[in-house]
Amino acid sequence: MGKRYETVIGLEVHVELSTRTKIFCGCPAAFGGAPNSHTCPVCMGMPGALPVLNRQVVEYAIAVGLATDCAITECCQFDRKNYFYPDNPKAYQISQLYLPICQNGGIEIETAEGKKRIGIHEIHMEEDAGKLVHDEEENVSAVDYNRAGVPLLEIVSEQDLRSAEETVAYLEKLRLIIQYLGASDCKMNEGSMRADVNLSVREAGTEELGTRTEMKNLNSFRAVSRAIAAERDRQIGLLEAGKKVVQETRRWDDRKECSFSMRSKEDAKDYRYFPEPDLPPVIISERWIADVRRRQPELRGEKMARYQKEFGLPAYDAQLLTGDKAFADLFEATVEICGRPKRVSNWIMVEVSRLLKEHGMAPDEIRFSPENFAKLIVLADTGSITNTVAKEAFELVFLEDADPERYVKERGLATVNDEGALRAAADTVLAENPQSVKDYLGGKERALGFLVGQTMKAMRGKANPALVKAILLELLHEETE
Amino acid sequence: MSIMSLSAIELGKKIREREIGVAEAVGEALAAIKAKDKALGSFVTVDREGAMERAGEVQRQIDMGELTGPLAGVPMAVKDNLCTRGMRTTCGSRMLSDFKPVYTAEAVRNLERAGAILLGKTNMDEFAMGSTTETSAYGATKNPWDLSRVPGGSSGGSCAAVAAEECSFALGSDTGGSIRQPAAFCGVTGLKPTYGTVSRYGLVAYASSLDAVGPVARNVADCAAVLEAIASHDKKDSTSVRREDCCFTEALRDDVKGMCIGIPRDYLAAGVDEAVRVAVFDAAGALEKKGAHIEEFDLGLTEYAVPAYYVIACAEAGSNLARFDGVRYGHRAKEYDGFHDMYKKSRAEGFGAEVKRRILLGSFVLSSGYYDAYYLKALRARTLIRQAFDRAFARYDVLLAPGAPSTAPRLGEALKDPVQMYQGDVCTVAVNLAGLPALSLPCGRDENGLPIGLQLIADCFEEKKLIRTAYAFEQTRDYERCPFAVHPERRT
């Protein structure tokens, strides 16, 4: 009988902060821009240039620390991590090793197996590196330093995770917290959230940790999940075959669904960390912490409670809407314009979710404005357009942020309430469907539905269905008399 | 009397009073450089056109009444590790032989705003690592008092240029004595301010926690005026200090009555030349005569200062100099195989032996397994040294010491034994470890006629006490012009 194994996972998550400027200079931190257009002597590592800490970075770090139950270090300091690489302009990265800003926290996750607290060992502030661009044809490499100096938080978990499911739950929870704080947009595909997975396996029931590997290049939750499964199987395979796991850094290839060794422990660099002499220690007073806490935006739990209390939404709606910050933001912005919270909630849960799924989009990729969304909901809710028209119009709102009022007007899709027109259409339908009329009069209620449907179809969906039904009933009763 | 024999303040006054034109003064300085610098080698770069052009602008600003300060129109030289926009800044290294910064160091900008005219950049030990200005890739600077001797270092070019009267004053940098020791060797006055008083922005870093920019000049008054111009709180330098009182020239008073001056016995013990010892005690006697109270005492811990200094300075230097990799600027090897090879070759070719030695030392003391034994221990020693000074300044206003344990050695002598050369820094490095202000000024000459420097040390932010004491001592003797400055054609 085969042995049973337990997987032990720890995560190092890098999050790019949404500050306006870089961590140690005034250059824009925004993604993109022509290569090396967001640079200056400081982030290019020119001789004699010196770093000046961006206060907003410290505030975001404190905010994330508070939201993850960490202790905030009263006097933290930056250290230099020394290594040579062309994307590292000073040949050292300013980071934190000896006294990180947040320590000893944790967050609670929930999986099918219940609730569990995942410890956070530390959170530290550091700068991002530039980007190498390889030109295969010319066989040269160019460097773009726009990203050099963009602020990062590195969130290091304890080795508390035991499965891919827990790992993804932890990442989702972390992302939600950080998005709610406005500290980062946390887009894994764009690299504003990156996760490195440390994984080892051990025989179930034993205490001692196995040799671990570090997995890099995980660009989606799916990749994280698949990489964990593959690495667990690889390590167990090695052990079963009587071989040893080598401590190393591996690179995940999502297309090939397997990983490759990048460097082993023997090649591990000695970073020669030492305190950054160009930056004085960061003193964080109780008052500063209290100030950040006071300005802290509403987190998910608070939002959920407020949605139920303030808008009278069912718990289910509140949970779903707050499950993604983009949904919550859309909900609040739309309700602010048009009220009708339950209607707005339904639209998001049903139509918005459906179209996102159809187009393979994430909620934070929503591009339409709350203004047009609100207009559409009002049109539908006041009966100015029928549900059929509303759904059709929403597709255009969703894809092009079209103005639904203009769309309805231009195409003449407003609900027809004109009795004369409806009566004429109903007359024709009754004349063309004698069998259905007979059925209805014979007691088959369902035939009425068919007749209403036919009339609506004749009116190209624009008719007021309640009025159509009333007119049909009236005409059918006339026939019996 | 020639223009270049005037002190900076005297020249500034004559320029303000329209007795001397700015172009005339700058022209004289450029002529002096032309006549002397072939023999002396104080300058790496001289910007004749730029200086003359700027002279015209400054003259106009003086005429319009826009520039009224003491340094307006005064020609200056700047050590070649301070960035000057568009002007080559080499740090005495092959690595930066064609490097033109895109911005100007804050200290230099402050002087430009005050109307001083930049003549060019002065020679230095490569990346400020050395005590002789012989490790420069651009040749050694000579001591104007004896051209067969070194000017000291690393600000040897600045001190030699001032002593030889090629400029009215100069800027240097002091990490472990690099202003005070060459000032002592060259018979000029040099001041290392309290750490953080002058912005380091644009000073190419050697050891960030120790580096200070300061003036080199003919006398104490000039140093005070230059320091007043360059001291500023700079948001671009996070270690820059906001100081309320930077009117250093107010301290130029010939009055030391009641001041308590301590002489650390440790700095005058074995290893100090007899002539130097005698000169320092004579200076103490002169100050006592003026009413100061003089006492000898034991400072303690001096044997730890040099090792602690070299561990910390090299650790920081190894990291600071890592950016010179040939990727974005600086020397890049012509042929290489991949980027690792490019790094190795570029750095092997670009750096000299002393720089490599210190990078290796620095990498070693920070490497895993040695950090605690060397770097952390050195930090602890640094704290204790600072505390020893705290105890001393609880009792004394100013400390007296030699600017260097000996007078200038002959060219080529010092580099033979690096450890011996490092020991020569014993009088100066503790000041940097503690962040204190200190000043060196001439106090006599030895049997070979070489200048001897007197070092004054004060507590942090007490530059005024330094300036006052130094000024009072200066009044007891005449400024000795070096013979080369007067007759460059008569080589010694």
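User: How many helices and strands are there in chain B?

Analyst: Chain B has 16 helices and 11 strands, and since we are just starting, please keep in mind that this is a predicted model.

User: What is the mean pLDDT of chain B?

Analyst: The mean pLDDT of chain B is 96, and 99% of its residues reach 70 or more. For the complex, the predictor gives an ipTM of 0.96 together with a pTM of 0.88.

User: What does the radius of gyration of chain B agree with?

Analyst: The radius of gyration of chain B is 21 Å, which agrees with the value near 23 Å that a compact globule of 492 residues would have. Taken along the principal axes, the C-alpha atoms of chain B fill a box of roughly 65 × 55 × 45 Å, and 61% of the 492 residues count as buried.

User: And what radius of gyration does chain A have?

Analyst: Chain A has 30 Å, whereas a compact globule of 481 residues would have a radius of gyration near 23 Å. The box filled by the C-alpha atoms of chain A is roughly 100 × 60 × 55 Å along the principal axes, and buried residues make up 40% of the 481 residues in the chain.

User: How many helices and strands does chain A have?

Analyst: Chain A has 15 helices and 16 strands. Among the contacts in chain A between residues at least 6 apart in sequence, 69% join residues at least 24 apart; in chain B, residues 24 or more positions apart account for 76% of the contacts with a separation of 6 or more.

User: Switching to where the chains meet: how many residues of chain A are in contact with chain B?

Analyst: There are 25 residues of chain A in contact with 33 residues of chain B. On the side of chain A that touches chain B, the residues divide into 17 nonpolar, three polar and five charged.

User: Which residues does Pro41(A) touch?

Analyst: Leaving out residues up to four places away in sequence, Pro41(A) touches Met46(A) and Ala49(A), as well as Val102(B) and Tyr103(B). Pro41(A) lies in the loop between strand E1 (5-16) and helix H1 (55-67) of chain A, and Cys25(A), which is 16 residues apart from Pro41(A) in sequence, is 9.0 Å apart from it in space, C-alpha to C-alpha.

User: Why does Pro41(A) count as partly exposed?

Analyst: Pro41(A) counts as partly exposed because it has 19 C-beta neighbours inside 10 Å, and a residue is buried if 20 or more other C-beta atoms lie within that distance.

User: Now helices. At what angle do H9 and H10 of chain A pack?

Analyst: Helix H9 (residues 370-381) of chain A and helix H10 (residues 387-400) of chain A pack at an angle of about 175°, with their axes 10 Å apart, and therefore H9(A) and H10(A) are roughly antiparallel to each other. The residues of this contact divide into eight nonpolar, two polar and no charged. Among those that meet are Phe373(A) and Leu376(A) in H9(A), and Phe394(A) and Val397(A) in H10(A).

User: And at what angle do H8 and H15 of chain B cross?

Analyst: The axes of helix H8 (residues 274-289) and helix H15 (residues 463-474) of chain B cross at roughly 95° and come within 10 Å, which makes H8(B) roughly perpendicular to H15(B). By class, this contact has five nonpolar residues, one polar and no charged. In H8(B), Ala283(B), Ala286(B) and Leu287(B) meet Thr469(B), Ala472(B) and Phe473(B) of H15(B).

User: Which residues does the cis peptide bond join?

Analyst: A cis peptide bond joins Gly153(B) and Ser154(B), with omega about 10°. Ser154(B) lies in the loop between strand E3 (117-122) and helix H5 (156-163) of chain B.

User: What about Glu165(B), buried or exposed?

Analyst: Glu165(B) counts as buried, with 25 C-beta neighbours inside 10 Å. Glu165(B) is found in the loop between H5 and strand E4 (169-174) of chain B, and its phi is near 60°, a positive value in a residue other than glycine. Most residues other than glycine have a negative phi.

User: And Glu257(A), buried or exposed?

Analyst: Glu257(A) is exposed, with 12 other C-beta atoms within 10 Å. Glu257(A) also has a positive phi, near 55°, and lies in the loop between strand E13 (248-253) and strand E14 (258-264) of chain A.

Technical notes. Residues numbered from 1 in each chain as written. Chains lettered and ligands numbered in written order. Predicted model: local features only at pLDDT ≥ 70, side-chain atom pairs only at ≥ 80, totals over all residues. Helix = DSSP H or I, 4+ residues; strand = E, 2+ residues; numbered from the N terminus. Rg over C-alpha atoms; globule rule 2.2 N^0.38 Å. Contact = placed C-beta atoms within 7 Å. pLDDT = per-residue confidence, 0-100. Nonpolar A, V, L, I, M, F, W, Y, C, P; charged D, E, K, R; others polar. Axes fitted to C-alpha atoms, helices over the stretch in contact; angles between N-to-C directions. Parallel < 35°, antiparallel > 145°, perpendicular 65-115°, else oblique.
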